[in-house]
Amino acid sequence: MSTRNPYEMPTGLNVLIVDDEPDMITTLHDLLTGEGHRVDTANSGLEALSKMDQNTYELILTDLSMPQMDGVQLLREAKERQPETEVMIVTGYGTIHNAVEAMQLGALNYLIKPVEPQELLVSIQRLCQRGNGHPRAENRHSFHGLVGNSPGMRKIFTLIPKIARMHCSVLIQGESGVGKELVAQAIHTCSPHRNKRFVPIDCGALSDTLLESELFGHKQGSFTGSNSDRIGMIESAQGGTLLLDEVGNSSLYLQSRLLRVIEEKKVRRLGENTMIPVDVRILAATNADLEELIEKEKFREDLYYRLCGFVVEIPPLRERKEDIPLLAQFFLELNQDYYDTIPSVFTPEAMDCLLGYSWPGNVRELRTVIDRAVGLAQGNRIEKRDIFLTKTIDDEGLLQVNDPENLLSTPFYTAVETFEKQYLSSLLDLANGNISKASQLSGASRKTIREKGKKYGLM
């Protein structure tokens with residue numbers, strides 16, 4: 001299949017690079033001018049603001065740690081002066097505090113030094129495509145990013161606008177990968193809060209030591225390293241929607257703090273005595289059975305009743321197989337961004353393969369399978385041989401669809417290593433060798449892909 005370079009820029013942007021390290025400026029300047037962008041540079045945040053008084057930029061690439069004015073302060077000022085300008089933070093100090101704050105304030109992306117050129121160029125390419133009205137896949141059975149025509153999904157499409165008008169909390173339940181966050185985003189988009197922020201919080205990722213500052217913010221000097229005031233994630237959603245994602249994974253301490261916020265509608269930043277009123281719509285999502293967790297005393301019953309003002313249950317993909325052809329075609333067309341031409345149809349055998357699988361990873365797994373199949377396809381159709389599902393090994397040492405007899409005749413570690421090598425080879429081909437893209441497609445970390453790729457001689 002003919003492919004094009006996924007980092008090729010459709011049109012050049014006006015870019016301002018801000019960094020107090022001359023070598024970094026030179027590296028980024030040469031990289032971007034070589035791709036056809038018009039680039040100005042500044043050695044400090046103050047110089048950058050001066051440049052903004054004279055020119056309009058579509059993108060600012062700024063270091064985080066700089067004297068006088070850091071990248072977050074520059075981000076705030078840039079959004080005030082040129083609201084349409086996108087800002088990417090580039091830094092060697094990749095802490096969760098800085099990343100969350102930058103993204104809350106509207107940063108397009110957050111990159112860690114040393115920056116991988118491909119990762120940066122992919123982010124800029126997406127910005128170029130968005131600005132040029134690059135076509136995206138559409139589907140007549142889609143609703144705010146959700147796709148389906150099964151009775152279960154049609155019911156959800158009907159419910160969302162009604163729920164959006166309500167003021168009660170909403171609990172979204174479903175297995176991992178069914179699209180709970182997409183449902184939450186659709187509720188927000190249909191609601192009167194649509195012009196305010198949608199802020200998802202991964203409850204399972206917040207340790208008790210971090211959650212006070214992350215959720216509620218802090219006053220400068222309230223603890224070691226707090227060099228400036230900052231608002232927390234809850235306060236940043238003021239007037240908008242707060243999603244408590246995978247709330248079933250939250251600690252009992254976090255549950256007690258969330259309950260208080262919901263009841264009092266106020267937060268207090270670390271180091272301050274003043275309570276700050278917050279007006280946010282609360283949505284929660286979980287793949288766990290909260291009632292079972294309550295019985296095991298792992299989830300607070302009072303919080304559960306606060307969260308389940310309205311319950312939306314998303315059925316797993318195996319229970320709505322009539323949605324698989326729609327979703328498969330939808331994901332196929334999304335690959336327009338990466339190839340000059342893509343297959344337009346699935347053979348009946350390939351579709352039967354998709355329909356006959358149980359999809360334990362749900363819609364998320366289906367997208368990974370389709371993305372991989374597009375990269376492997378050799379013509380205008382996706383064939384059965386392009387569909388890689390459960391892990392068995394054929395006569396040529398390749399992984400194919402379920403065959404228990406073959407599987408059990410293969411030594412365990414041989415099967416694992418054969419699968420890993422074939423999977424990574426196909427994955428890296430699909431991603432054109434871009435580790436970041438491979439990570440996005442597979443869900444594996446860039447470190448894992450890099451280490452396994454070296455192990456099997458693939459990079």
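N335 touches I342, D371 and V374 when residues up to four places away in sequence are not counted, a contact being heavy atoms within 4.5 Å. The place of N335 is in the loop between α13 (324-334) and β17 (345-346). At 4% relative accessibility, N335 counts as buried; buried means under 20% relative accessible area, exposed over 50%, and partly exposed in between, with a 1.4 Å probe and protein chains only. The model is a predicted one, in which local features need pLDDT of at least 70 and side-chain atom pairs count only at pLDDT 80 or more, while totals for chains, interfaces and linings use all residues. Residues are numbered from 1 along each chain as its sequence is written, and side-chain values use heavy atoms, with hydrogens and water left out.

The protein contains 19 helices and 20 strands. Helices (H or I, at least four residues) and strands (E, at least two) are DSSP runs, numbered from the N terminus. Of the 459 residues in the protein, 49% are buried. Among contacts with a separation of 6 or more, 69% are between residues 24 or more positions apart. The protein exposes about 22,100 Å², of which carbon and sulfur atoms supply 48%; accessible areas come from the Shrake-Rupley method with a 1.4 Å probe, and for residues only the protein chains shown count as cover.

The buried residues of α1 are M24, I25, L28 and L32. They cover an arc of only 100 degrees around the axis and therefore lie on the same side of α1, the arc being that of the directions from the helix axis to the C-beta atoms. On the face of α1 turned away from this buried side are the exposed residues P22, D23 and T27.

In helix α8 (residues 208-216), the buried residues are L211, E212, S213, E214, L215 and F216. L215, which lies in this helix, has a relative accessibility of 1% and counts as buried. With residues up to four places away in sequence not counted, L215 touches I201, L206, G232, M233, I234, E235, L254 and L258. One of these contacts, G232, is 17 residues from L215 along the chain, and the C-alpha atoms of the two are separated by 4.6 Å. Just after α8, G217 takes a positive phi of about 80 degrees.

Most residues other than glycine have a negative phi. E246 is not a glycine, yet has a positive phi of about 50 degrees. E246 is placed in the loop between β12 (241-245) and α10 (252-264), and is buried, with a relative accessible area of 13%. K265, also not a glycine, has a positive phi of about 55 degrees. K265 is found in the loop between α10 and β13 (266-267) and, at 53% relative accessibility, counts as exposed.

Q173 is found in strand β8 (residues 170-173) and counts as buried at 16% relative accessibility. Leaving aside neighbours within four places in sequence, Q173 is in contact with K180, T286, V311, V312, E313 and I314.

Three aromatic pairs are present in the structure. The rings of Y357 and W359 have centres 4.6 Å apart and planes at 85 degrees, so this pair is edge-to-face. Rings of Phe, Tyr and Trp (its six-membered ring) pair if their centres lie within 6.5 Å; planes under 30 degrees apart count as stacked, over 60 as edge-to-face and the rest as tilted. Y357 counts as buried at 10% relative accessibility, and W359 counts as buried at 0%. The structure holds zero disulfides, a disulfide being a pair of cysteine sulfur atoms within 2.5 Å. C190 counts as buried at 18% relative accessibility, as does C353 at 8%.
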